[in-house]
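This briefing covers selected features of the structure shown below, grouped by topic.

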Amino acid sequence: MATLRRSAERTRRRQIGVRTRRRISMGVKILIAILAAVYALVPIIFVVSAALNPLNTVSAASLIPPRVTLDHFTQLFNDPFHPWPVWIMNSFTVSAITSVIVVALCALAAYSFSRFRFRGRRLGLISLVIIQLFPNLLAIVALFLLLQAIGEAIPASLDIPGIGSIPLPRLGLNSLGGLILIYIGGALGFNTWLMKAYFDTVPFDLDESARVDGASHFQAFRYVILPLVRPILAVIAILTFIGTYSDFLLARVMLSDSSSYTLAVGMTLFIQGEFNRQWGVFAAGAVVGALPIMATFLVLQRQLIGGLSSGGVKG
Amino acid sequence: MTAGQKGASRRDAPSPISSLIWRVVALAVIDAFAITFGYALYSGGLTIAAAALALVTFAINVVFLVDRLYPLRWISPGIFLLVLMVVYPVLYTVYIAFTDYSGQHILSKQQVVDQLESRFYTPEGSASLQWRAYRSDSGDFLIWLTDPDGNRFLGDPASGITTVDPNDPRSGPLDPADNLPTTIDGYRKLTRAESVRYLTSLSGLLITGDIDGQPAQLHILSLDRAEIGLQRYTYDASRDVVVDHQAGTEYHPEGGFFVASDGSRAPAPGFVDFIGLDNFRRVLTDPRLSSAFLGVFTWTVVFAAGSVILCFALGLALALVFNDKRLPLNGVFRTLAIIPYTVPGFISALIWVGLLNPTFGPVNSFLRDTFGLNPQWFADGTLAKVAIFMINTWLGYPYMLIVTLGALQSIPSDLYEAAEIDGASAVQRFRRITFPLLLIAITPLLIGSFAFNFNNFTLIELVTQGGPSVPGSITPAGQTDILISYSYRLAFAAGKGNDYAFAATISIFIFAIIAAITLVNFRLSRRVENLI
């Protein structure tokens, strides 16, 4: 009887031990989670505070603004030396055009690689893999010289006798058009692969039966396949947009004029020279420039993470 | 292969007439554009570009007219851009790495020869000429020349210098004042006052001719005097030398310049010369360059590997915490923790430059107030590296958190149950089950992240610009430069060079490393084999 009671006592004690240990471990976990949130947020809080703080300093003493002002945001839109609205417009234009064209070209190529069996298909797919081994941003010198040559080769407009003169797009150095072409070229290889893999998961019977019913290939592609692959189209469009928006290297090398800068290149002007005096305006620009991307990410977290774990690393 | 797939490979029926008409019209428009544009290129001297355009246009026509090539119609726009913006630049980079392309050597050899051949000199003792100008109603000029011996020449920008006779049938009546025709072929003789007015355009006229087989050029020196200059340099293609007719010397091409036997250079910029493996040899064997290269290379690897390890360690630790479903507000904490990842990298980097500013930054004011420290983050090499790791960990740990969390959730829970029954402790379970399975799942992502950081130009350039610089170095590599920022600095940094060839050489090294890494990764993730 005594032994039994002692044994029960021991079990009870062990259970209490386990429970306390569990509680301690949960406490530690909560502490870590709070520290992580603080770590993640403090730099961002500093920037938001600086953007709203009339004092215009980076110092910790004024983390909580004595009063809130939108002066820095007004200044951001009215600074003749830092045409910030032009930069963010350029960034959005370049990223949107790149993203739309990449998705369109990749979808067409992926349909062909997935649905047709033709001579050179295997070679084409292998070439796409090999091309992925050589990211074109490493060829900056050659791309710089290429755009230089294209800029010299393309006249401002084409004079056709009898029709008149047609303005040609600017694709040389210091032009957004040239930069877009580079971005598109760089994004095609990887995304065609990604999309082809997704297209392969759509049953072939679906578009086959549309074809039997008399649809052309293009109709089968447009009305049967495209609606089914919409998720991958969206993911690639958004990731391409964000990747382009975040690029610094190519934009830095190709754009030389402050009015053609993208945000990434333009924002560096704030940190040159009298950084302390620019800090408030810079912070306002950082907040507005980052918000669209942050919002997209947070809203579409789940969908985008799938694309990320398949190898895309955001810049 | 299923029956459905086989069906898809069936050759397609000939396309309907309407589609053919459509295509022919579209191709006609494209071709019209290509021809006009190609002609503009060709007449502008860009023959290679014109040929490339012709080739591409031809290929587009073939692909869109030959039914057998139908599948290529879907791919051709993508192929075109891939070749133009990836394949060609990569191959061209390789080519540049084998040349001496740089700010000093930027023209082709032909362009340099052309520049030299456009220079003229006046032979010693050559006579100065008297001149009078004639002007047509449309604003063209003729120059009448008389040499001291009384020989007369007519200079015409269109047809050159020819001897002429005052009684030439084209001439109008002679002017008794100077015995010259008042008009020639509709051109009217200018008075002295008019000549003064037009003097600028007159001395800008390019009138060339041929004296004793040597190209010559007319120079109007003043209102009364003109001279005939001879072409100073000619290029002898058969011996590959430039001959200087004035000094009587010869220049041989050497190291991208035309050099005389006494070592002096012809007065022209250098040209792009093929120099074989010299650049690679310099990187690896020139002690001043190879030590800089080795330093940059080592730091690149340390930076990339260190960043991956730090980010992975932090991401894994947090993933283990967030993997506990009982954690209160789990979703909120998780979202807050991945926020750094949602900020575009260039903005985060710039924010951190502000936070770490030694004078105004909150990090330093905190360190000053609490520990009396005031680290100069960007002035000292070691501190700059510490700062870079700090910033990159903040930037990169959320990615690791996201992917690790995903991988943790896919580890089957019965493994843990079995381990618990066998009496394994929490540490044992982590070391024997969680960690090994996790590594298998995310090794490809770790390698991908390594490759990404290997080329993380944005971070390095925005935070330190590669600095602080190495005192006394002959190459612009700073203490925190990674290979890609070093290459960038060689090619584009203001005042430091435009050494395109050397930058391309560094790029080749990066290409080789990245290609190898990516290849290993394809192997590991078996992404490729399954898909072809």
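In this predicted model, A:N174 lies in the loop that runs between β2 (164–167) and α6 (176–200) of chain A. A:N174 is not a glycine, yet its phi is positive, at about 65°.

**Backbone geometry**

- Most residues other than glycine have a negative phi, and most peptide bonds are trans.
- The peptide bond between B:G467 and B:P468 is cis, with omega about -5°.
- B:P468 sits in the loop between α17 (457–463) and α18 (483–492) of chain B.

**Interface of chain A and chain B**

- The contact involves 100 residues of chain B and 111 residues of chain A.
- The size of an interface is often given as the accessible area lost when the parts come together.
- For chain B and chain A the buried area is about 9300 Å², and carbon and sulfur atoms give 80% of this area.
- The count of salt bridges between the two chains is 1.
- A salt bridge joins the side chains of A:K29 and B:D324, at 2.8 Å from N to O.

**Helix packing in chain A**

- Helix α7 (residues 204–212) of chain A packs with helix α8 (residues 217–228) of chain A at an angle of about 145°, and the two axes are 9 Å apart.
- The crossing of α7(A) and α8(A) is right-handed.
- On the α7(A) side the contact is made by A:L206, A:D207, A:A210 and A:R211, and on the α8(A) side by A:H217, A:A220, A:V224, A:I225 and A:L228.
- By class, the residues of this contact between α7(A) and α8(A) are 6 nonpolar, 1 polar and 2 charged.

**Helix packing around α19 of chain B**

- Helix α19 (residues 500–525) of chain B packs with helix α16 (residues 426–454) of chain B at about 165°, and their axes are 9 Å apart.
- Angles over 145 degrees count as roughly antiparallel, so α16(B) and α19(B) are roughly antiparallel to each other.
- α16(B) and α19(B) make a left-handed crossing.
- From α16(B), the residues in contact are B:T443, B:P444, B:I447, B:G448, B:F450, B:A451 and B:F454; from α19(B), they are B:I510, B:I513, B:I514, B:I517, B:V520, B:N521, B:L524 and B:S525.
- The contact of α16(B) with α19(B) holds 11 nonpolar and 4 polar residues, with no charged residue.
- Helix α8 (residues 278–285) of chain B also meets α19(B): the axes come within 10 Å and cross at roughly 75°.
- α8(B) and α19(B) are therefore roughly perpendicular to each other.
- B:N279, B:F280, B:R282, B:V283 and B:L284 of α8(B) contact B:A501, B:F502, B:T505, B:I508 and B:F509 of α19(B).
- The residues of the contact of α8(B) with α19(B) comprise 7 nonpolar, 2 polar and 1 charged.

Notes. Residues numbered from 1 in each chain as written. Chains lettered and ligands numbered in written order. Predicted model: local features only at pLDDT ≥ 70, side-chain atom pairs only at ≥ 80, totals over all residues. Heavy atoms only, no water. Axes fitted to C-alpha atoms, helices over the stretch in contact; angles between N-to-C directions. Helix = DSSP H or I, 4+ residues; strand = E, 2+ residues; numbered from the N terminus. Parallel < 35°, antiparallel > 145°, perpendicular 65-115°, else oblique. Left-handed = near helix turned anticlockwise from the far one by under 90°. Contact = heavy atoms within 4.5 Å. Nonpolar A, V, L, I, M, F, W, Y, C, P; charged D, E, K, R; others polar. Buried area = accessible area lost by both parts, 1.4 Å probe. Salt bridge = Lys/Arg side-chain N within 4 Å of Asp/Glu carboxyl O.
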